[in-house]
Amino acid sequence: HKAPVRVAVTGAAGNIGYALVFRIASGELLGKDQPVILQLIELPHAQNALKGVAMELNDCAFPLLRDIVTTDSQSVGFKNADYALLVGSKPRGKGQERADLIKDNGKIFVDTGKAINDNASRDCKVLVVGNPANTNCLIAAHYAKDIPKENFTAMTRLDHDRALYQLASKTGSQVTDIKKLCIWGNHSPTMYPDLTNTTVHNKLIAPTLDHAWIDTFFNPKVGKRGAEIIDARGSSSAASAANAAINHVRDWALGSEDWISMGVPSDGSYNVPKGLIFSFPVTTKNGKYSIVQGLKISEYSQKKIDITTKELLEERACVENLLK
Ligand code: NDP
């Protein structure tokens, strides 16, 4: 029998949390033979709601769920955590500037980084979902000095999966027929969904597509999909965000056949400034990811990569005082 794995989730009683924790408990994150202990973290005012979530988790009688911790203390919540899914983040207030939101959330991730450092497993794998995810991740990693930097990642998998669907729909194929698609950069509308190397049924697809469709339909469709869903549903894309978080961590932990997109600390690949949390095409194996190397970057792609790099550098500049 496998020993249980501890999975910490912040913002666990929020919208995404509610769509996420049941799937972790059911075995969709780490496999149907891997028992888990859920360590659910919420702000003090949300403790009642969190207890309700825990009651429902118990009522599911999940065979793999060995224990549930509910807490408002990060040191309790991250204790010996093997995985940390950082979902909790402050939403942008009415009329609030993005730069102020970045600073507000940045402060939250200082404490989170320290708490992970002081309490979690030395090999804790971290996924940041709460926005601005890449920059929050940069801060958490900075304050978790004793945990390898490469264990800190940000979610661009939802952008990746949205792009897969759009291309499948355009080409009349199944998402599983598509390989080697990737997202570059920030989890924001500046991210770049790159089809240069993408194959459908093992054939390069870009030469068969109208460039205008890519530039004026596909790119903005993927980049602004979140807003489109808010318009339609009246609330944000919590279920698909939770699904992407599951896909990200599962593929990281268990490996993936195809390229996936993950926001990871840049090692300087493709001239992306070292240390920025940047989405690259990666492959995963045995609990490690590696950035796909040696891709030729067209002039069009380079322009797109430059735009999203510039935005991430600006975000980093906003929180410079937290990174000393
Ligand atoms: P959600 O669960 O809907 O969203 C949580 C975070 O995920 C937000 O930052 C949101 O960004 C981000 N996100 C990333 N991708 C997506 C996507 N595709 N669709 C929607 N959101 C996405 O927020 P709730 O307010 O329902 O829940 C957050 C919980 O976190 C609350 O229960 C709150 O108590 C808790 N919280 C915890 C904090 C902490 O740990 N210290 C701090 C603040 C809140 P965006 O806002 O851009 O949509």
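A polar contact here is a pair of N or O atoms within 3.5 Å.

**Entry 1: the model**
I'm working with a predicted model. I looked up the confidence scores: pLDDT averages 97 over the chain, and 100% of the residues score at least 70. The ipTM is 0.92 and the pTM is 0.97.

Which ligand atom does serine 237 reach with its side chain? I found a polar side-chain atom of serine 237 at 2.9 Å from a nitrogen atom of the ligand.

Next I checked the backbone. Asparagine 15 has a backbone N or O atom 2.8 Å from an oxygen atom of the ligand. For isoleucine 16, I noted a polar backbone atom 2.9 Å from a ligand oxygen.

How much of the ligand does the protein bury? On its own the ligand exposes 900 Å², and 80% of that is buried by the protein.

**Entry 2: the ligand's surroundings**
I looked up where the ligand sits, and its space is the largest pocket. Two elements each give two or more residues to the shell around it: helix 1 (15-26) and helix 6 (157-171).

How many residues surround the ligand? I get 20, and the closest are Asn15, Ile16, Glu42, Leu158 and Ser237. Sorted by class, the shell holds 10 polar, 7 nonpolar and 3 charged residues.

Proline 132 belongs to the loop between strand 5 (125-128) and helix 5 (133-143).

I also wrote down asparagine 80. Its phi is positive, about 55°, although asparagine 80 is not a glycine. I located asparagine 80 in the loop that runs between helix 3 (74-77) and strand 4 (83-86).

Notes. Residues are numbered from 1 along each chain as its sequence is written. Side-chain values use heavy atoms; hydrogens and water are left out. A residue is near a molecule or strand if one of its heavy atoms lies within 4 Å of it. A polar contact is a pair of N or O atoms within 3.5 Å; within protein, one must be able to donate a hydrogen and the other to accept it, and residues adjacent in sequence count only if both atoms are side-chain atoms. Accessible areas come from the Shrake-Rupley method with a 1.4 Å probe; for residues, only the protein chains shown count as cover. On a 1 Å grid over the protein atoms alone, a cavity is a set of points where a 1.4 Å probe fits but cannot get out, and a pocket is an open set with protein on both sides within 12 Å along at least five of seven lines; lining residues have an atom within 4 Å of a point. A molecule sits in a cavity or pocket if more than half of its atoms lie within 2 Å of its grid points. Helices (H or I, at least four residues) and strands (E, at least two) are DSSP runs, numbered from the N terminus. Ala, Val, Leu, Ile, Met, Phe, Trp, Tyr, Cys and Pro count as nonpolar, Asp, Glu, Lys and Arg as charged, and the others, Gly among them, as polar. pLDDT is the predictor's confidence in each residue, from 0 to 100.
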